[in-house]
Amino acid sequence: MSSVMELIVNPKYVNKFKQGYPLVHKDSIANLDKLKEEGSLFHLVDPTRNFIAKGYYGIQNKGVGWVLSHRIGEKIDIIFFKEKISDAMKKRESFYKDSETNTFRIFNGEGDGIGGFTIDYFDGYYLINWYSEGIYSFKDQVIRAFDELTDYKGIYEKKRFDTKGKYIDDDDFVKGERGEFPIIVKENGINYAVYLNDGAMVGIFLDQRDVRNVIREKYAMDKNVLNTFSYTGAFSVAAALGGAAKTTSVDLAKRSKSKTIEQFSVNGIDYEAQDIVVMDVFDYFKYANRKDLKFDLVILDPPSFARSKKRTFSSSKDYPTLIKDAILVTEKNGVIVASTNNATFGMKKFKGFVEQACKDTGTTYKIIESFNLPKDFQTSSDYPEGNYLKVLFIKKTS
Ligand code: SAH
């Protein structure tokens with residue numbers, strides 16, 4: 001006899017779950033009102049009550065829970081967590097051994113078998129991102145599993161769900177020794193200053209590693225580079241080390257300036273030879289047009305959604321406009337790097353945005369390179385939306 005809650009899957013979703021789809025959407029369940037406490041386990045059953053899979057309840061923006069196993073007898077306990085984390089670590093062995101890189105993702109949610117949390121490695125420190133209160137209720141198992149599997153300097157966490165003021169976050173520290181921030185991590189030999197104790201964004205987005213690398217290796221030499229939505233200027237640093245003639249970083253957040261100076265400085269680059277502009281990107285494009293500024297390499301990496309004083313930007317609606325603005329400041333034979341992390345549309349639609357922007361401006365172009373998530377951001381073929389990153393290198397041929 002099992003006292004586990006049974007969630008009845010609506011008929012049209014039964015096959016999807018049987019085939020391995022891991023995310024439980026609200027509308028796929030007939031008796032969702034049964035779910036009370038986040039973190040509780042359930043069985044997904046078909047309308048005739050046959051077992052399909054088991055999972056946990058946790059509210060995220062994308063769904064209300066994740067499938068954990070298709071085996072009815074599998075226990076969701078410390079051994080379960082330990083196996084998943086251990087498998088994930090083994091898959092990253094080549095990263096642990098890489099002497100040029102000591103920061104990468106070691107656990108990527110559903111891609112590593114448990115949706116709802118990720119773990120990143122920063123030179124001996126681990127950072128856990130929890131995306132729901134439900135998965136957070138398994139924290140003890142995860143940490144214990146972790147303790148049994150590996151040594152570390154310290155563990156930090158980010159609760160990326162609504163905590164309704166229940167938790168008092170001091171500095172996101174969990175266990176081990178506290179870091180002295182910034183710690184300086186290394187990615188393909190480039191230094192980056194990272195703060196694990198200062199908000200959700202730690203200073204570098206690890207999913208862009210391959211893009212930074214190719215910019216440095218193939219696209220930067222002697223080029224005049226514009227990096228928009230530049231945050232701490234990580235792309236600018238890669239470009240400068242790749243021999244860029246000059247970089248211009250544009251971000252409207254005031255602290256992006258000191259953060260970018262810091263990233264240049266920890267790499268021995270003279271930041272005074274670079275431009276760091278605190279400005280709304282769309283205003284910068286107007287300014288650049290007035291001054292007739294042109295660039296050889298223009299990087300676009302906006303957030304999926306951003307609201308500033310003057311406007312809201314939604315990448316699923318406004319990306320074509322952004323590309324059009326970029327085209328106007330790009331030299332002939334220059335390259336636009338268009339990136340998006342919006343999971344609500346795929347590569348096909350993104351390429352459609354490029355097509356539309358080029359058509360509207362009478363520009364001919366060629367896509368010369370494209371990227372999705374790097375290898376350590378393991379994704380599952382059962383959940384293609386999990387591969388949210390799309391990056392296109394667009395050469396403006398006229
Ligand atoms: N490209 C960066 C990450 C960008 S994060 C990297 O590789 O590290 C998104 C950034 O966009 C944030 O720093 C935010 O301040 C900035 N931003 C959002 N809206 C903006 C706007 N309208 N103009 C300029 N910057 C903006």
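**Reading the features of the model**

Guide: Arg49 is found in the loop between strand 3 (41-45) and strand 4 (51-57), where strands (E, at least two residues) and helices (H or I, at least four) are DSSP runs numbered from the N terminus. This is a predicted model, in which local features need pLDDT of at least 70, side-chain atom pairs count only at pLDDT 80 or more, and totals for chains, interfaces and linings use all residues. Residues are numbered from 1 along each chain as its sequence is written, and side-chain values use heavy atoms, with hydrogens and water left out.

Visitor: What is the phi of Arg49 near?

Guide: Most residues other than glycine have a negative phi, and most peptide bonds are trans. Arg49 has a positive phi, near 70°, and is not a glycine. Asp123, likewise not a glycine, has a positive phi of about 40°. Asp123 is placed in the loop between strand 7 (117-122) and strand 8. With a relative accessibility of 27%, Asp123 counts as partly exposed; buried means under 20% relative accessible area, exposed over 50%, and partly exposed in between (1.4 Å probe, protein chains only).

Visitor: Which residues does a cis peptide bond join?

Guide: Phe181 and Pro182 are joined by a cis peptide bond, with omega about 5°. Pro182 has its place in the loop between strand 10 and strand 11 (183-187).

Visitor: How many aromatic pairs are there?

Guide: A pair of aromatic rings is described by the distance of the centres and the angle of the planes. Rings of Phe, Tyr and Trp (its six-membered ring) pair if their centres lie within 6.5 Å; planes under 30 degrees apart count as stacked, over 60 as edge-to-face and the rest as tilted. By this rule the model has 31 aromatic pairs. One of them is Tyr126 with Phe146: the ring centres are 4.6 Å apart and the planes stand at 80°, so the pair is edge-to-face. This pair links distant parts of the chain, with Tyr126 in strand 8 (residues 125-130) and Phe146 in helix 5 (residues 139-149), 20 residues apart. Tyr126 counts as buried, at 1% relative accessibility, and Phe146 is buried at 1%.

Visitor: Where do Tyr156 and Phe173 lie?

Guide: Tyr156 belongs to strand 9 (residues 154-159) and Phe173 to strand 10 (residues 173-176), so their pair ties together parts that are 17 residues apart in sequence. The two rings form an edge-to-face pair, 5.3 Å from centre to centre with 70° between the planes. Tyr156 is buried, at 1% relative accessibility.

Visitor: Which residues do ring pairs link into a cluster?

Guide: The cluster linked by ring pairs consists of Phe95, Tyr96, Phe104, Tyr121, Tyr126, Phe146 and Tyr152.

Visitor: Which residue lies over the face of Tyr21?

Guide: A charge sits over a ring if NZ of Lys or CZ of Arg is within 6 Å of the ring centre and within 35 degrees of the ring normal. Lys16 lies over the face of Tyr21, 4.1 Å from the ring centre. Over the face of Tyr192 lies Arg212, at 5.5 Å from the ring centre.

Visitor: Which residues come nearest to the ligand?

Guide: There are 14 residues around the ligand, and Phe229, Asp251, Leu252, Val281 and Asp301 come nearest; a residue is near a molecule or strand if one of its heavy atoms lies within 4 Å of it. The shell comprises 10 nonpolar, 1 polar and 3 charged residues. Here Ala, Val, Leu, Ile, Met, Phe, Trp, Tyr, Cys and Pro count as nonpolar, Asp, Glu, Lys and Arg as charged, and the others, Gly among them, as polar.

Visitor: How is a polar contact defined?

Guide: A polar contact is a pair of N or O atoms within 3.5 Å; within protein, one must be able to donate a hydrogen and the other to accept it, and residues adjacent in sequence count only if both atoms are side-chain atoms. A nitrogen atom of the ligand lies 2.9 Å from a polar backbone atom of Phe229. A ligand nitrogen atom is also 2.8 Å from an N or O atom in the side chain of Asp301. Taken alone, the ligand exposes 590 Å², of which the protein buries 91%; accessible areas come from the Shrake-Rupley method with a 1.4 Å probe, and for residues only the protein chains shown count as cover.
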